[in-house]
Amino acid sequence: MGKLKKAIIPAAGLGTRFLPITKAIPKPMLSVLDKPTIQYIAEELTSVGIEEIIVVVSPDSGVIEKHFGECESLEQRLLSDKKHSLYEIAKATHQFNVKFVVQEQPNGLAGALLCAEPFVKDEPFALLLGDELLVADNGVKPCIKNLAEIYEKTSKSVIATMEVFGDEVSKYGNIGFDVEDGGIMQVNAILEKPSVNEALSNNAIIGRYVLSGEVMGMLKKLKPKGNEIYLTDVLDELAKSGKLLASVIEDDRYDVGDKFGYIKANVEMALKSKEIGQETKEYIKELAKRI
């Protein structure tokens, strides 16, 4: 089945919901506190032992490559000023083995995956979508580590899921499943953003996946719908052949692709901060008295 060694992070989206800031700054470089969202995503992978991260970028995303590269002049200045903690923070940004590939055409998630195909070929890979931050606190096993372990045990592709209700169902890919055993579901069908009446269940697909080596070949065979091909078509095919599992997330999840979700992530991460957590808590208490 092959050992999980590679991960793909799609980072070529236009980020139109965050204009005008995303006119000049790629959406994955928007920060939660002092760290860009794409670094949080990369850090999730440290729990899995991934050897290579492939980041799919747009043609104008050189700043992402710069972020993950070395900056010798900055690091030397921090050392000479004896700012060792800041030096370690700067150094940590280039701890990852990152390769970059450009997605020339904005043809969706499956198109981004096919851009990464020369690096992955027929190997299994983790897929992490940058609009969602997952934070595993208080001894919770990170979602991507859980998915990797399930893949290693079963050789089946596995996706993350969470329960949603009401109109929220229509915002996500939706799964139907036969069996739930210890939080692991055998998926039997996938629908992309169904209406409430069409939904197969209350379980939505979350942006964390571990996919088997056959997926790239399946993507190549798909016919476009308009300008895009859809990963959910491949997931549905896997589901119908009994090759797709799902696992419920336990991490704290923040939808940073949504403005309110982005603000929520900043506030809650500030509360968790050792540096400013207490100040943030006191400020929120005072603010609450005025609203």
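Me: In this predicted model, is lysine 121 buried or exposed?
Reply: Lysine 121 sits in the loop between helix 6 (117–120) and strand 6 (125–128). Its relative accessibility is 52%. The cut-off for exposed is over 50%, so lysine 121 counts as exposed.

Me: Is the phi of lysine 121 positive or negative, and near what value?
Reply: Most residues other than glycine have a negative phi. Lysine 121 is not a glycine, yet its phi is positive. The value is near 55°.

Me: Where does serine 155 lie, and what does its relative accessibility make it count as?
Reply: Serine 155 lies in the loop between helix 7 (143–154) and strand 8 (157–163). Its phi is positive too, near 65°. Its relative accessibility is 36%.

Me: Is the peptide bond from leucine 19 to proline 20 cis or trans?
Reply: Most peptide bonds are trans. Proline 20 lies in the loop between strand 1 (6–11) and strand 2 (31–32). The bond from leucine 19 to proline 20 has omega near 10°, which makes it cis.

Me: How many of the 10 residues of helix 9 are buried?
Reply: Helix 9 covers residues 231–240 and is largely enclosed by the rest of the structure. Its buried residues include Leu231, Val234 and Asp236.

Me: Which glycine takes a positive phi just after helix 9?
Reply: Its phi is about 75°. The residue is glycine 242.

Terms used
Residues are numbered from 1 along each chain as its sequence is written. This is a predicted model: local features need pLDDT of at least 70, side-chain atom pairs count only at pLDDT 80 or more; totals for chains, interfaces and linings use all residues. Side-chain values use heavy atoms; hydrogens and water are left out. Helices (H or I, at least four residues) and strands (E, at least two) are DSSP runs, numbered from the N terminus. Buried means under 20% relative accessible area, exposed over 50%, partly exposed in between (1.4 Å probe, protein chains only).
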